[in-house]
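Dear colleague,

Please read them alongside the coordinates.

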Amino acid sequence: MILLAPLALATVVGVGLLYPWGQPEPQPAILVGTPVHGDVSATATGPCLSPGDVQVGAPAEGTQQCLTVDVLLSDGDAAGQTIRKIMPLEPSTPRFAAGDAVVLSFAGDDARNPDSYQLVDFQRGLPLVALAALFAIAVIVLGRWSGLAALGALVLSFAVLALFVLPAILAGENPLLVAICGAGLIMFIALYLTHGLSARTSVAVLGTLVSLALIGGISAIFSAAASLTGLDEDTSSLIAALGHGIDARGLLLAGVVIGALGVLDDVTVTQTSAVWELRRANPGLGWRELYAAGVRIGRDHVGSAVNTLVMAYAGAALPVLLVSSLSGVGLGSILGSQDIAQEIVRTLAGSIGIVAAVPVTTLLAALIAAREPVSPGSRRTG
């Protein structure tokens with residue numbers, strides 16, 4: 001508690017100072033249309049013709065083909081009206097069919113004018129809700145009360161991201177500081193709610209904090225050394241939408257910290273649990289023996305954890321990797337490009353933090369577990 005109390009206080013103070021109290025919500029510099037829902041009633045493929053035009057004779061070979069989609073609007077000012085949208089058939093064009101529930105973007109003055117709408121996406125609410133319900137049922141069936149607590153911690157973690165991290169960054173605060181405070185708050189909430197108030201959980205919290213600080217430091221040093229700007233396609237789109245600058249490199253570092261948090265929680269909780277179980281199985285073990293045994297367990301765990309982190313980042317960056325491999329400029333140039341280099345820094349910095357979490361957390365757990373009194377029913381072998 002002596003170690004954790006100042007850190008918890010610093011987290012709460014940091015959140016209070018960085019939160020945009022009383023500031024107006026940022027407005028996008030680029031006009032964003034209002035979402036309108038609808039259902040596709042009919043589709044047809046043919047030559048690209050303006051409304052009212054008629055195709056005479058057979059179309060010439062190689063003529064651009066278009067998809068004509070009739071959509072019955074289910075909400076908005078023109079609910080119940082059917083509009084027709086014509087889109088060029090490109091490899092990137094979604095293939096809409098009759099019966100599809102879709103989302104349109106309305107940006108105009110006349111709600112009955114089809115030109116005021118853009119057909120942008122499918123409706124995905126129902127399958128996502130069904131998948132979330134299936135996930136919740138699986139967690140509760142296996143974990144019971146612990147699973148219910150884990151779901152509660154997950155909801156609160158998303159609340160911290162939505163209600164603090166995102167508004168603070170959009171308000172212009174330093175993204176790395178916001179991510180550190182947000183990750184600390186998530187960590188305290190998630191670990192204590194899921195695993196309870198105990199010395200074992202406190203050790204996991206301390207180990208996670210130390211590892212996060214290490215990840216943030218290494219990421220900052222090597223992103224600066226590699227001259228990473230953080231200006232990938234998504235960040236550039238964000239800056240264009242905001243209409244003002246943002247610390248793109250800080251946003252990159254913030255993503256590293258938050259992305260590594262989940263894997264770190266897994267490693268630190270597992271290590272503390274292993275040390276406490278070793279102590280319970282053999283109360284005669286001192287802190288040195290507990291540390292040595294715990295590190296041996298951690299060596300097996302860290303390999304799979306690092307691989308999990310690498311594969312997660314590689315999966316997220318797969319389109320970038322595919323585009324880079326098509327460029328034909330050589331492996332060195334591909335790895336040194338902005339998009340790939342930032343993923344390398346993100347992955348390796350997170351992996352170093354995971355590796356460091358094993359000895360750090362195990363040492364803290366061994367020192368504290370060895371001082372706990374042994375219950376009369378515990379097995380003694382030494």
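Rings of Phe, Tyr and Trp (its six-membered ring) are taken as a pair if their centres lie within 6.5 Å, with planes under 30 degrees apart counted as stacked, over 60 as edge-to-face and the rest as tilted. On that basis, a search of the whole structure gives four aromatic pairs. This is a predicted model, in which local features need pLDDT of at least 70 and side-chain atom pairs count only at pLDDT 80 or more, while totals for chains, interfaces and linings use all residues. Residues are numbered from 1 along each chain as its sequence is written, and side-chain values use heavy atoms, with hydrogens and water left out.

One of the four pairs is F106 with Y117, which is tilted because the ring centres are 5.2 Å apart and the planes stand at 45°. It links distant parts of the chain, from strand β4 (residues 101–106) to strand β5 (residues 117–122), where strands are DSSP runs of E of at least two residues and helices runs of H or I of at least four, numbered from the N terminus.

Salt bridges (a side-chain nitrogen of Lys or Arg within 4 Å of a carboxyl oxygen of Asp or Glu) number five in the structure. Among them, R346 meets E343 with the closest N and O atoms 3.3 Å apart, and the two residues are three apart in helix α10 (residues 338–369). R280 and E277 are bridged at 3.8 Å, N to O, and together with R200 they are linked in a network of salt bridges.

Best regards
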